[in-house]
Amino acid sequence: MNPANELYDFSGKVILITGAAGAIGSEAARQFAMLGANVALTDINEEKVKAVAAKIQQETGSECIGIKADATNEADLKSLVEQVVAKFGKISGLVNNVGWGKATPLWGSDTEAMVASYKLNTISAYNVTKYCMPYLRKEPNASVVFSGSMVGVTPSPEFIEYSTAKAGLINMAHSMAVASGPEVRFNVVVIGSVDNGDATLEAGYDPAMLKKISDAIVMKRRGTPADIAHAFVFLMSNAASWITGINLMMDGGGMYESKMPS
Ligand SMILES: NC(=O)c1ccc[n+]([C@@H]2O[C@H](COP(=O)([O-])OP(=O)(O)OC[C@H]3O[C@@H](n4cnc5c(N)ncnc54)[C@H](O)[C@@H]3O)[C@@H](O)[C@H]2O)c1
């Protein structure tokens, strides 16, 4: 095999992806399957996750399974990991991708909404990772990647519930990296604005806001789910076997908005 291809050969690996019926998760599943991995996709939307898994299996020939689990329910996550191991016998990599947030004015939130966001965006990743760890530790170059967000690394008062939860997720991932090396690597993809169809509009954006966002990005466009999936693949691959505890910024240069010449 060409050495370049060997770095990105996922045959024999089993990758578990949360939020996998959504835009970024489903594209990540497709890319890992194209590279030879067997993929376990999980989502709260059972019908969609099973349909996505079946389609990817048909397209790629890799074995894929769709499993319903509510990421905010710890018992579901424990059972999810048991089902993946029962099916494939191991877990080589985990993509902690599930998450969601909506625009909220800084002083417009409350305890319930803050806690709900933390449960979905942060504690879910804690629990699924905890249940995967005994299996990950047995695998060579085992790796966990997280869907972070730009709002988790910059002040984001208009997304107070979500940005606080994502900031917690990022710090937690770094702590896991320090505690788990050299057996398991942990890295965060810090995601900028990505086109995920209707979900963006449901989060409170309107087309005028989205145009403003695109105009302010150095690359002059919002990201695609494939842009982010490429980052997951890189961080999971043998090419990244010395990388742990980092934030990989995937934002088209959006972080540097204020530095652009006018
Ligand atoms: N799209 C963006 O611009 C953007 C930007 C920064 C970060 N992110 C992060 O990337 C990740 C993926 O985002 P996306 O754009 O693909 O979103 P998406 O809305 O397309 O997909 C999210 C998926 O999560 C599932 N989900 C929601 N609640 C769940 C629960 N309780 N249990 C299990 N599954 C549940 C949904 O059914 C959906 O399929 C998220 O963590 C998001 O916060 C996205």
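I began with strand β4 (residues 93–96): Gly93 and Val95 point one way, Leu94 and Asn96 point the other way, and all are buried. Buried here is under 20% relative accessible area, with exposed over 50% and partly exposed in between (1.4 Å probe, protein chains only). The model is predicted, so local features need pLDDT of at least 70 and side-chain atom pairs pLDDT 80 or more, while totals for chains, interfaces and linings use all residues. Residues are numbered from 1 along each chain as its sequence is written, and side-chain values use heavy atoms, without hydrogens and water.

Next I looked up the partners of β4. Strand β1 (residues 14–18) pairs with β4 in the parallel sense over three bridges. Pairing takes at least two DSSP bridges; strands are DSSP E runs of at least two residues, helices H or I runs of at least four, numbered from the N terminus. I found Leu16 opposite Leu94 in β4. On β5 (residues 142–149), four bridges join the strand to β4, and the two run parallel. Gly93 stands opposite Ser143 in β5.

Then I turned to the helices. α2 (residues 23–34) and α9 (residues 225–236) pack at about 50°, axes 8 Å apart. Axes are lines fitted to C-alpha atoms over the stretch in contact, and angles run from 0 to 180 degrees between N-to-C directions. The pair is therefore oblique: under 35 degrees is roughly parallel, over 145 roughly antiparallel, 65 to 115 roughly perpendicular, the rest oblique. I noted contact (heavy atoms within 4.5 Å) from α2 residues including Ile24 and Phe32, and from α9 residues including Phe232 and Met236.
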